[in-house]
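Colleague: I would like to learn how to read a structure of this kind, one feature at a time. Could we begin with the idea of a buried residue and go on from there?

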Amino acid sequence: MADSTEDFEPLFDYSRVQPLNFVSLDDDDDDDTASPALSPKRRRIAKPIVIEDLEENTNVIQIADSGKNEELDWLSPPPKVSRNAQRTVVEDSTLKELRLKKKELESFAQSAEDVLRAVEESVKLQLGSSMQSSLEAVADQPSKPTCERVKIVISIQDKDGTKQFRIYMDDKFERLFKMYADKVKLDLQNLVFSFDGDKINPAATPDGLGMEENDIIEVHVKSS
Amino acid sequence: MSGGIARGRLAEERKAWRKNHPHGFVAKPETLTDGTVNLMVWHCTIPGKAGGLCLMLDCGNIGRIGNGAAGNSRWQTDWEGGYFPLTLHFSEDYPSKPPKCKFPPNFFHPNVYPSGTVCLSILNEDSGWRPAITVKQILVGIQDLLDQPNPSDPAQTEGYHLFIQDAAEYKKRVRQQAKQYPPIV
């Protein structure tokens, strides 16, 4: 309960809104002098409800007339104009910044385009200078990266942990096994590698065994 | 479509297993003769526990003390060196219901039925089974059971009686059996 009232307090705490000198005036003459001080607020908030005071009523009508619409009158107090002015000032500075940045970017783009053009031209020149027979070689070049050998990471697990190796999918396991034996400083003859419980033939490939990224090969050390 | 749920979960289990599993264990779905994979039956291998360094507490545990290699404080279990084949049979109700886990028939262990079916609380639908238990946890749980039988829940007479009454003979039988299942590789 206490919390909730505290929460609401600031909303209705008029003392914070009012200037301090008015409060001191209020203390002198309670009702009569207090009303003019509060009137601007009261007029807006209680407009449709308060009909008691004639003077106030006429005031309300005047304001309503000038504003044409009650809600508009509500929403179009002078501060809005000042806010707009502030906004335009701020916008001006940010706009300037934006414009500057835009110019920077444009210059970047321009330079990048220039570089690209230069590259293109040089390539064209090279193409032109090289004989047409070399077109076959050029045709080969772009196809190379697409058919590049696929690599996968395979873990080799012994009793104490795993070591990861990156190998070609179509590379024979014997290369990997030798790499591993060198790394752990053990004789390849004493190592047995298995995948899914089956011994791996050194001539087999990861592709052939249907291996996937991060698959585990187990290594057992022969006890002789 | 409970079957869809079972298969989906098993595919996930298999995927996780391929990326990470304890050393020496094997777990793979059955491949039929026509090359298709049957996710509902898995062929697994459980390695006998290798033991470890001899701690004070472990040394007091009869049946776990090693065969006394001089100057070696490492104890080993009588199951070490054996690679025991286990088949997991999943039903369409998996993972609501646990898989049936079977060693070969007449497997020697107090908690294995003559049919080979493993009797273990976590594999009992009415007891310890939870759908979140993974294949890895099942296999490691069974590996633990091999070395630590539960005499309060016997499933075969021979293994149980020897375990209770004749520790030396029990030990001998366990070691014999481990030799029957040497590493495949």
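Modeller: A residue is called buried if 20 or more other C-beta atoms lie within 10 Å of its own, exposed if 12 or fewer do, and partly exposed in between, with the C-beta atoms placed from the backbone. Please keep in mind that this is a predicted model, in which local features need pLDDT of at least 70 and side-chain atom pairs count only at pLDDT 80 or more, while totals for chains, interfaces and linings use all residues. Residues are numbered from 1 along each chain as its sequence is written, and chains are lettered from A and ligands numbered from 1 in the order in which they are written.

Colleague: Which residues of H5(B) are buried?

Modeller: Helices (H or I, at least four residues) and strands (E, at least two) are DSSP runs, numbered from the N terminus. H5(B) covers residues 167–180 and reaches 20 Å from its first C-alpha to its last, close to the 20 Å expected at 1.5 Å a residue, where the expected span is 1.5 Å times one less than the number of residues. Its buried residues are Tyr170(B), Val174(B) and Ala178(B). They lie on the same side of H5(B), because they cover an arc of only 75° around the axis, the arc being that of the directions from the helix axis to the C-beta atoms. On the other side of H5(B), exposed residues include Glu169(B), Gln176(B) and Lys179(B).

Colleague: What do the buried residues of H5(B) pack against?

Modeller: Two residues are in contact if their C-beta atoms, placed from the backbone, lie within 7 Å. The buried residues of H5(B) pack against helix H4 of chain B, residues 157–165.

Colleague: How many residues does the largest nonpolar core have?

Modeller: In soluble globular proteins, nonpolar side chains tend to be buried together. A nonpolar core is a set of buried Ala, Val, Leu, Ile, Met, Phe, Trp, Tyr and Cys residues joined through C-beta atoms within 7 Å. The largest one here has 33 residues, and among those with the most contacts inside it are Cys44(B), Leu86(B) and Ile142(B). Elements that each supply at least two residues of this core include H1, H3 and H5 of chain B, and the largest share, six residues, comes from H3(B). Leaving aside neighbours within four places in sequence, Leu86(B) is in contact with residues including Cys44(B), Phe103(B) and Ile142(B). A second, separate core of twelve residues includes Ile156(A), Leu176(A), Tyr180(A) and Ile217(A).

Colleague: How many residues does each chain bring to the contact?

Modeller: Chain A gives 14 residues and chain B gives ten. On the side of chain A that touches chain B, the elements that give two or more residues are S1, S3 and S5 of chain A, and S5(A) has the largest share, with three residues.
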